[in-house]
Amino acid sequence: MDYCPSCKVHVVSRGEKCPLCQGELERGEVAAAKKPFPSYIKFINLRKRWARGISIAAPVIIGLCVLINLLTWNGFLWSLIAGVAILYAWLVGLYTVRRTDHLGQKLLLHAIGISTLLIVINFVTASPSMTSSLFLKNFSEIARWSLDYAMPATLMAFILAINIATLSQRHRFRDYIIAQFSLSFIGFIPFVLIMIDVFSGIDILGSLFMSIAASSFSLLTLIVFIVFAPKLVLKEFGRRFHI
Amino acid sequence: MKKKINGINQDWYRLDNAAKIYPAMVSRRNSCVFRFAINLKEEVDPYVLQRALLDMRSRFPAMFVRVRHGVFWYYLEENKKMPRVRPEDSRINKAIDYYSNNYFRFTVFYYENRISLEVFHSLTDGTGAVTFLKALAYRYLELKGYQLKSEGLVLTVDQEPSIEELEDSFFKYATMNPHKRYVVPKPFNINDERFPSGQGRGVINARLDSQALYALAKEHDATITEYLSALLTQAVYQVYGERMIKNDRVNICIPINLRRLFPSESLRNFTLFFHTTVKDKKHIEIKDILPQVKKSFAEGLTKDSIIENINVNMQAERNMAMRLTPLFLKKPAMTIAGTMYGGRLNTLTMSNIGIIQLPQSMAEHVQDFEFNLSNDINCAYGIGVITFNNIMTISILREVRDTLLPMQFLRNLVSLGLKIEVESNYWEEVA
């Protein structure tokens, strides 16, 4: 066993120097063969570096788009579409690709992201040269395909997807339930728009069909889960909301 | 989905009082992970170890969990995924990447003849972790074909977990008497150059004869923990005394295993901390320091003061406004509180887990144990002490590059006539 004459300690680990004073060791008859710890490997977290790079790049690119759009202004607010699209791509990169689990939360975020992107694309492209006051004044004249069809259809598709996930992986019910209920509640947004459209006289929706379908599907989903799995639902909410 | 423990369904657990703060405090620099290791007398077979680990699930249900976000608090939920044993990482007590760890907040490693367990502090404390590691090693040796008898010293997989093992003992022993938080005076902090962020920590293990150290402590009418605390305080003054200003104190944070004071069988957190405080840099002989350290121990270890401290911690948890504050608002507040009341109040931390007792049939296969504390970036040194078979292992885990304090401390021990063997990961050379 090696020995440090300065510290007067025996050194078990294999090394050139005393681990305490860094001085030279007196070699024992049998050299210390033990390597008490695994070799050092410099740790580089590539995933984190990418995430950090994207998180810095995304706002910079959005800022550049806005700047170019303003400097070359021709009445078309294309930078808003670019901005929302980049934010959505950022979300996909950070949350969907990076994380391998949380399917429920991913579906929830994608439903919100895609719906928002479609609404932005609809209204920016439908009114390329309008000011905000003109936009509101002529709202009923604009084709509102995103509110009439795209958003309700998107929400229905994602509610259906999470229903399939829950029913096919029943053991993961509690993993999905919060996202399931959140999506179902978001599914009532078309219903809120119908109510505004019908009772306030503001002409928001052109066609009510898809909105009614999405709201009904959300309601049906909630009823099915509350009726057929009340204990599970209560228990899951009990633990999530415990104080 | 439901797990019955002595007839009671248990598939999720509230975090105990001490555990609540750790999920909010985790960062790359502050992993809140501590480590126990058992060195066997033969090389570890990872396949057998994996089987042994899977057998632990039913005996230690509160370990096989994942930490989840509730609306108001974090909680632990049964994790049905499979934990995997891994070859030991060179970075001790690194933050657990729970995505790649199947959401488990503990990891079992193997390296040559060593089985080590790294645990996130929200799951359990030192006593719970060492109980788990002993049971794991026992099962491993059983699966290797050795005939063992537990003698009531190790929990075995054929036993049922009890409700008492899963209880939050803080809740059980707290009283409703309010008390003001005990103010720890700000100490001298060691601000030497740190290792690069996320690149691990330096470790120096020193092994010595525990009986010889016990005899030295007895000469001063002190316990081993009191004596080691005094020696560490002395070493801090010897190394950093010139840098200290007049009123700088040396605070050593000492965890207390409350199971020694209360009849608790809990395998979750049941630990509190107190500080030894010494403020006299002109008199740094052991005979001057030890009385001050013993006074701190006497004051910190009375049952009344401990109940008062439990009450202080429980007050925050019982406060209705606090309880009804959503977690996303509570989390930053807990992070700040953890930093204020955490590492910055300690010059260093030392924990003596005590003597590990194993059944004779198992002890024949075991060389010794190691214990590495979880220390954060604000506290430069964490010193874990563990004794088995009269071998005391002092594991000095450090955030700082230089080795002056361990050198001085161990040289002081040598000057008292103790024979010491050291080993190191030589982090100061490589990281």
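These notebook entries record what I looked up in a predicted model.

**Conventions.** I treat the model as predicted, taking local features at pLDDT of at least 70 and side-chain atom pairs only at pLDDT 80 or more, while totals for chains, interfaces and linings use all residues. Residues are numbered from 1 along each chain as its sequence is written, and chains are lettered from A and ligands numbered from 1 in the order in which they are written.

**Entry 1: the three-stranded sheet of chain B.** I began with an open sheet of three strands in chain B, whose order is β3-β6-β5 and whose pairing is antiparallel. Strands are DSSP runs of E with at least two residues, helices are runs of H or I with at least four, and both are numbered from the N terminus. Two strands pair if DSSP finds at least two bridges between them. I noted β3 (12–14) and β5 (65–69) of chain B as the edge strands, each pairing on one side only. From one strand to the next, the twist averages 30 degrees; axes are lines fitted to C-alpha atoms (for helices over the stretch in contact), and angles between N-to-C directions run from 0 to 180 degrees.

I then took the pairings in turn. β5(B) and β6(B) (residues 74–78) run antiparallel and are joined by five bridges. The two strands form a hairpin, with four residues between them. Across this pair, B:Val67 stands opposite B:Leu76, and B:Arg68 has B:Tyr75 as its bridge partner. β3(B) is joined to β6(B) by three bridges, again antiparallel. I found B:Tyr75 here too, as the bridge partner of B:Arg14.

**Entry 2: the five-stranded sheet of chain B.** Next I looked up an open sheet of five strands with mixed pairing, in the order β7-β8-β9-β4-β14 (chain B). β7 (86–87) and β14 (366–372) of chain B are at its edges with a single partner strand each, so one side of each has no neighbour in the sheet. Within the sheet, β4 (residues 33–40) and β9 (residues 114–120) of chain B run antiparallel, with seven bridges between them. B:Ile38 stands opposite B:Ile115 in β9(B).

**Entry 3: helix α3 of chain B.** I checked the length of α3 (residues 126–143) of chain B. Its 18 residues should span 26 Å at 1.5 Å a residue, and the end C-alpha atoms lie 25 Å apart, which agrees; the expected span is 1.5 Å times one less than the number of residues. I also checked burial: 15 of the 18 residues of α3(B) are buried, so the helix is largely enclosed by the rest of the structure. A residue is buried if 20 or more other C-beta atoms, placed from the backbone, lie within 10 Å of its own, exposed if 12 or fewer, and partly exposed in between. Just after the helix, B:Gly145 has a positive phi of about 105 degrees.

**Entry 4: where chain A meets chain B.** I recorded 26 residues of chain A in contact with 34 residues of chain B, contact being C-beta atoms, placed from the backbone, within 7 Å. On the side of chain A that touches chain B, β2 (9–11) and α9 (230–240) of chain A each supply at least two residues. β2(A) gives the most, with three residues. β2(A) also runs parallel to β17 (residues 421–424) of chain B, joined by two bridges, and A:Val11 stands opposite B:Val422.

Conventions. Two residues are in contact if their C-beta atoms, placed from the backbone, lie within 7 Å.
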